[in-house]
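Me: I have just opened this entry and would like to understand it. Could we go through it together?
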Amino acid sequence: MPTMLTDVFRGHPIHLPHSHQPDFTSLSELPDSYSWTPKDDPLLDAAPSPPAANENIPLIDLNHTDAANQIGSACRTWGAFQIANHGVPLELLQGIEFLTGSLFQLPVQRKLKAARAETGFSGYGVARISSFFNKQMWSEGFTITGSPLNDFRKLWPQHHLNNYCDIVEEYEEQMQKLASKLMWLSLTSLGVSEEDIKWASANSDLNWAQSALQLNHYPVCPEPDRAMGLAAHTDSTLLTILHQNNTAGLQVFRDDIGWVTVPPVQGSLVVNVGDLFHILSNGLFKSVLHRARVNQTRSRLSVAFLWGPQSDIKISPVPKLVSPVGSPLYRSVTWTEYLKTKATHFNKALSMIKNDIDE
Ligand SMILES: C=C1C[C@]23C[C@@]1(O)CC[C@H]2[C@@]12CCC[C@@](C)(C(=O)O1)[C@H]2[C@@H]3C(=O)O
Ligand SMILES: O=C(O)CCC(=O)C(=O)O
Ligand SMILES: [Fe+2]
């Protein structure tokens with residue numbers, strides 16, 4: 001029986017101060033515990049230098065005949081891109097955004113009834129990565145995997161439940177199909193076909209994949225320049241698909257440029273390459289470092305669909321992408337093993353599974 005995502009953190013309790021979650025709306029000044037300096041995050045002020053300030057991740061039309069190459073190129077240079085004409089109905093994006101908004105509008109005491117347990121996976125709370133930082137993040141989150149019914153029951157009266165569960169189910173189904181399509185488009189650009197990765201066959205019913213939804217809320221903040229919504233991290237996924245509301249905040253990092261803000265484009269979705277796709281592509285696709293900043297006048301919502309393989313699937317560099325004389329850059333790893341490594345070593349997880357290669 002493969003481990004499900006719900007079991008991943010069983011042996012890895014993380015003490016997270018959910019119960020200290022403030023009522024953000026009541027704070028008119030930024031408490032010191034929320035004020036970040038470069039000591040708390042060395043990349044904090046890596047701003048784009050003026051000549052590069054106009055650079056941005058590409059917006060790719062999925063109906064374009066050259067979409068596969070454009071996606072491949074974006075995965076290599078940015079590790080992120082936006083997509084239009086992705087086929088996910090606008091009403092569904094509006095539906096999940098409405099659900100997310102109404103969840104975070106609930107009083108803190110109600111949200112805490114569905115708090116994520118220390119060894120648990122789903123529910124309400126601060127970001128899992130909070131334990132790696134001295135300062136707190138100006139955000140709250142809600143993680144869902146599988147049916148959200150049990151958690152939603154703790155939040156809402158019966159008459160909302162069917163509708164909200166249907167939205168989540170439909171959203172996950174659409175995202176699942178889209179993620180598989182995007183993975184195959186980007187692999188095609190590298191000359192990799194289904195023959196090369198049998199477990200991920202595009203024609204299978206996606207039984208090999210599993211996912212989680214991360215709902216994020218970044219409340220209005222009295223001093224946004226000193227606060228941090230979600231600290232810099234890479235996702236552990238193959239791919240992450242993100243819907244953001246119409247408030248900017250997501251930033252991606254490029255070594256040669258610095259932090260670049262991803263502007264919200266109505267109806268489009270942001271796609272991030274995660275660590276497992278970086279491994280699968282033998283380092284050709286970049287798992288992108290990203291973070292979320294906050295805003296003084298507008299609150300921000302985002303919904304991240306975190307997508308990876310079932311827990312018994314070993315991910316390793318596709319042999320075709322390892323040069324005939326070279327060796328794979330990474331050892332093989334399952335998503336579960338990787339999430340556990342990440343839960344202990346955070347942003348060092350990827351380098352921990354790197355092979356030692358003699359130059
Ligand atoms: C499957 C997962 C990926 C994730 C950890 C999680 O168990 C569920 C939440 C995900 C998330 C979202 C915010 C950033 C992140 C680093 C975190 O702390 O929780 C990611 C995790 C990840 O991709 O490693
Ligand atoms: O809110 C955002 O834009 C980023 C969210 C994110 O990175 C995540 O949930 O993993
Ligand atoms: Fe992320």
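Me: Which strands each supply at least two residues of the shell around ligand 2?
Reply: They are β5 (209-218), β7, β11 (290-292) and β12. Strands here are DSSP runs of E with at least two residues, helices are runs of H or I with at least four, and both are numbered from the N terminus. The model is predicted: local features need pLDDT of at least 70, side-chain atom pairs count only at pLDDT 80 or more, and totals for chains, interfaces and linings use all residues. Residues are numbered from 1 along each chain as its sequence is written, while chains are lettered from A and ligands numbered from 1 in the order in which they are written.

Me: Which residues are around ligand 2?
Reply: Among them are Gln214, Asn216, Leu242, Gln244, Leu250, Ala292 and Ser302. A residue counts as near a molecule if its C-beta atom, placed from the backbone, lies within 6 Å of it.

Me: And by class, what does the shell around ligand 2 have?
Reply: It has five nonpolar, six polar and one charged residues. Ala, Val, Leu, Ile, Met, Phe, Trp, Tyr, Cys and Pro count as nonpolar, Asp, Glu, Lys and Arg as charged, and the others, Gly among them, as polar.

Me: How many residues surround ligand 1?
Reply: There are 16, and the closest are Arg128, Ile129, Gln214, Asp235 and Ser236. Two or more residues of that shell come from each of β5, β12 and α7 (335-345). By class, the shell around ligand 1 has eight nonpolar, five polar and three charged residues.

Me: Back to β7. Is it mostly covered or uncovered?
Reply: Strand β7 (residues 239-244) is mostly covered, with six of its six residues buried. Buried means that 20 or more other C-beta atoms lie within 10 Å of the residue's own, exposed means 12 or fewer, and partly exposed is in between, with C-beta atoms placed from the backbone.

Me: Which residues point one way from β7, and which the other?
Reply: Leu239, Ile241 and His243 point one way, and Thr240, Leu242 and Gln244 the other. In a regular strand, side chains alternate between the two faces of the sheet.

Me: Which strands pair with β7?
Reply: Strand β10 (residues 269-273) pairs with β7 in the antiparallel sense over four bridges, and strand β12 (residues 300-309) does so, also antiparallel, over six bridges. Pairing requires at least two DSSP bridges between two strands. Ile241 has Val271 as its bridge partner in β10 and stands opposite Phe305 in β12.

Me: What is the order of the open sheet?
Reply: Its eight strands run β1-β2-β10-β7-β12-β5-β4-β3, with mixed pairing. β1 (59-61) and β3 (123-125) stand at the edges with a single partner strand each, so one side of each is left without a neighbour in the sheet.

Me: Now β8. Which face is covered?
Reply: In strand β8 (residues 250-254), the covered face holds Leu250, Val252 and Arg254, while Gln251 and Phe253 form the uncovered one. Three bridges join β8 to β11 in an antiparallel run, with Leu250 opposite Ala292. β8 also pairs with strand β9 (residues 258-261), antiparallel, over four bridges. These two strands, β8 and β9, form a hairpin with three residues between them.
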